[in-house]
Amino acid sequence: GLMSGTSLDGVDLALCEFHKESNQWKYNIIEAETIAYSQEWLDKLSKARECSGVEITQLDYDYGQLLGKICLDFLEKHQQDCDLISSHGHTIYHNPLKNYTLQIGKGAAIAAVTKKTTVCDFRSKDVALGGQGAPLVPVGDALLFSEFDTCLNLGGFANISVKENASIKAWDISPCNVLLNALALRLGEPYDKNGHWAQKGKLIASLLLKLNELEYYCQPAPKSLGMEWVEQNIFSIDGWNDFDVHDQLHTVTEHIAEQIALELIRCNSYQILVSGGGAHNH
């Protein structure tokens with residue numbers, strides 16, 4: 001399995017084995033690794049939303065070729081093989097309210113390079129059926145982590161999967177690492193390690209109020225977020241660029257924590273599995 005998150009940390013790969021015991025799915029992670037992007041690919045993916053139709057089509061195929069090569073290198077390095085490759089790709093556009101989502105990294109290109117059965121394009125059918133197409137994880141959470149009543153992922157966006165009787169419901173809570181990393185970049189680093197810079201900052205009460213009052217937080221689930229929403233609703237806040245970056249980081253961290261806490265209380269969550277890069281943030 002491989003994917004690339006909104007925060008552009010790199011390509012995450014996991015070679016996994018699945019089997020059933022007493023009608024319950026079990027898993028074993030054989031090897032796992034994150035392959036960092038070169039500066040060239042960081043630039044390409046971070047600017048992809050500005051590409052023309054022809055350019056994004058070319059990038060889709062080129063990125064698929066790259067993912068295929070990364071898969072082969074990974075398998076060779078660990079002297080392993082696989083039955084199939086499941087590739088999420090990298091999200092460029094996501095706006096289910098207008099019935100579209102786009103993840104690049106052409107599955108046909110991956111299959112051509114690796115000569116392996118490749119499964120891809122996981123979100124499109126759900127969006128076409130009127131769903132959000134995000135978060136992606138609730139089925140996996142239900143089948144693999146049934147001992148938890150709630151699974152919380154702190155990725156580019158914070159999202160949650162919650163058991164509701166015999167079903168599971170999932171939605172995006174708030175922006176998470178996409179905001180923190182964008183601010184850290186202004187200080188010259190790809191992310192704020194352990195929240196060190198955020199800890200140095202001071203709370204901007206007026207900004208926190210504006211963030212917490214965003215309309216999205218009043219909307220019922222299921223719901224999902226994309227970079228389009230961040231640009232339109234957060235980076236456009238009046239006076240956003242007037243504040244010290246450390247203070248922005250401090251305030252955004254507080255905002256993320258408050259929104260997560262509100263959802264966990266609302267869902268009456270106690271047994272919680274926390275995952276994602278943000279889980280390592282002190």
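**Reading a nonpolar patch**

Trainee: Where is Leu143 found?

Mentor: Leu143 lies in helix α5; helices (H or I, at least four residues) and strands (E, at least two) are DSSP runs, numbered from the N terminus. The model is predicted, so local features need pLDDT of at least 70 and side-chain atom pairs pLDDT 80 or more, while totals for chains, interfaces and linings use all residues. Residues are numbered from 1 along each chain as its sequence is written, and side-chain values use heavy atoms, without hydrogens or water.

Trainee: Is Leu143 buried, exposed or in between?

Mentor: Buried means under 20% relative accessible area, exposed over 50%, and partly exposed in between (1.4 Å probe, Shrake-Rupley method, only the protein chains shown as cover). Leu143 has 40%, so this leucine is partly exposed.

Trainee: Which residues make the nonpolar surface patch?

Mentor: Phe18, Trp25, Tyr27, Ile29, Val139 and Leu143 make a patch of about 580 Å². Patch residues have over 30% relative accessible area and no salt bridge, with nonpolar side chains (Val, Leu, Ile, Met, Phe, Trp, Tyr) joined within 5 Å; a salt bridge puts a Lys or Arg side-chain nitrogen within 4 Å of an Asp or Glu carboxyl oxygen.

Trainee: Which element gives the most to the patch?

Mentor: Strand β3 does, with three residues. Both β3 (24–35) and α5 (138–144) supply at least two.

Trainee: What does the protein as a whole look like?

Mentor: The protein has 10 helices and 10 strands. Its C-alpha atoms fill a box of roughly 55 × 45 × 35 Å along the principal axes. Of its 282 residues, 41% count as buried. The protein exposes about 15,300 Å², with 52% of that supplied by carbon and sulfur atoms.

Conventions: Patches are made of residues with over 30% relative accessible area and no salt bridge: like charges are joined within 9 Å, nonpolar side chains (Val, Leu, Ile, Met, Phe, Trp, Tyr) within 5 Å.
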